[in-house]
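Here is a briefing on one model.

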Amino acid sequence: MAVFNHPEFDNHEQVVFCSDRESGLQAIIAIHSTALGPACGGCRMWDYVSDEDALIDVLRLSRGMTYKNAMAGLPLGGGKAVIIGDAKTIKSEALFRKFGQYVHSLSGRYISAEDVNITTADISMVNQETPYVAGLEGKSGNPGPFTAIGTYRGIKAAAKHKFGSDDLSGRTVAVQGLGSVGFYLCEHLHKEGVKLIVSDINPVAVDRAVSQFGATAVGLNDIYAVECDVYAPCALGATINDDTLPQFKCAIIAGCANNQLKEARHGELLRQKGILYAPDYVINAGGIINVSMEIRPEGYDEAQSTKQVLAIYDTLLTVFARAAETGQPTNVVADLMAQEIIARGKK
Ligand code: NAD
């Protein structure tokens, strides 16, 4: 398995392979950049088909964190960790403590937090071995609701750019994935009078959205082709791809999932189709903004955090305006803006 020559390797500063037979830990920590500060990004647990898939995920996700943190105006670099294995069976205190020892060995160059399949309780166990964690219970806690507020504001910014008004009442939004972000997002949208179309592999989550928000449920593969104003991917990455692109009937794609474009070229294809795309790492930064408040010397402040999350609206308007001026796809514009911020940070 290549690392330095891997197509997803982007001059990452450090890639750490962690293994412990006794606890069963197999993990990879990737530090993409510390140009703006310590590398901060969550830890994901996933039953990867191969070690290579885990490497690809951590290389991509850590790079994404560098760009996300830069665009959110945070004094943080980009990093991420993946723990390989089935979250239903491998979790133990020994495993999380061993992971914590690996994080600690990096002396603060990487700060960990929750991501998919990792709870605040899991991070507390990591915290027993290292202070270099965030998202702890009693401090910033679950980032999901903050990511949801940021995503909601991002949808409004996209509506403002596309329709000339950010009023969403009467609009239709198709939400894919009703987990810790998607469900709260539905709540915000429902309060504003949005008609919701939803899908989830978990029928309990679907039933809850139908009964609480009057949402219309559709099949897992039907969500891409529904008539709607906004498609909000809030489950998986890569749902904007060669198969789904011809199906979309939305005007906007704006959701919280990471790595929504299967390949960067799909951003250009969306532009050609006239679909406004809110770059994923800009719109979904609410969680990391909230988590970052816990790390700063002044300590956690929910009001300050919320203020910064709401500013995602303005950041996205800037991305959309620059894309419209230059004729470039929004994902390319966001990357350029992030690279400019990182270059200024390096100076
Ligand atoms: P979650 O695991 O709580 O929720 C994901 C939901 O998607 C679950 O309800 C799951 O059943 C559903 N799902 C899985 N496969 C599906 C499919 N094929 N079709 C429809 N639904 C499906 O995760 P989350 O924390 O809500 O995060 C959602 C996405 O947002 C992820 O991509 C995550 O990386 C990203 N994200 C989350 C945060 C955060 O603060 N939690 C921050 C930034 C980005």
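At what angle do helix H5 and helix H6 pack, and how far apart are their axes? The angle is about 15 degrees, and the axes are 11 Å apart. This is a predicted model: local features need pLDDT of at least 70, side-chain atom pairs count only at pLDDT 80 or more, and totals for chains, interfaces and linings use all residues. Residues are numbered from 1 along each chain as its sequence is written, and side-chain values use heavy atoms, with hydrogens and water left out.

**Helix packing**
- H5 spans residues 182–191 and H6 spans residues 203–213.
- H5 and H6 are therefore roughly parallel (angles under 35 degrees).
- H5 passes H6 in a right-handed crossing.
- Helix H11 (residues 312–326) packs on helix H12 (residues 330–346) at about 115 degrees, with axes 9 Å apart.
- That angle makes H11 roughly perpendicular (65 to 115 degrees) to H12.
- The crossing of H11 past H12 is right-handed.

**Ligand shell**

**Polar contacts (N or O pairs within 3.5 Å)**
- Asp200 places a polar side-chain atom 2.6 Å from a ligand oxygen atom.
- For Arg44, a polar side-chain atom lies 3.2 Å from an oxygen atom of the ligand.
- A polar backbone atom of Ala235 is 3.0 Å from a ligand oxygen atom.
- The protein covers 80% of the 820 Å² of accessible area (Shrake-Rupley, 1.4 Å probe) that the ligand has on its own.

Definitions and conventions. Polar contact = N/O pair within 3.5 Å; in protein donor to acceptor, adjacent residues only side chain to side chain. Axes fitted to C-alpha atoms, helices over the stretch in contact; angles between N-to-C directions. Helix = DSSP H or I, 4+ residues; strand = E, 2+ residues; numbered from the N terminus. Parallel < 35°, antiparallel > 145°, perpendicular 65-115°, else oblique. Left-handed = near helix turned anticlockwise from the far one by under 90°.
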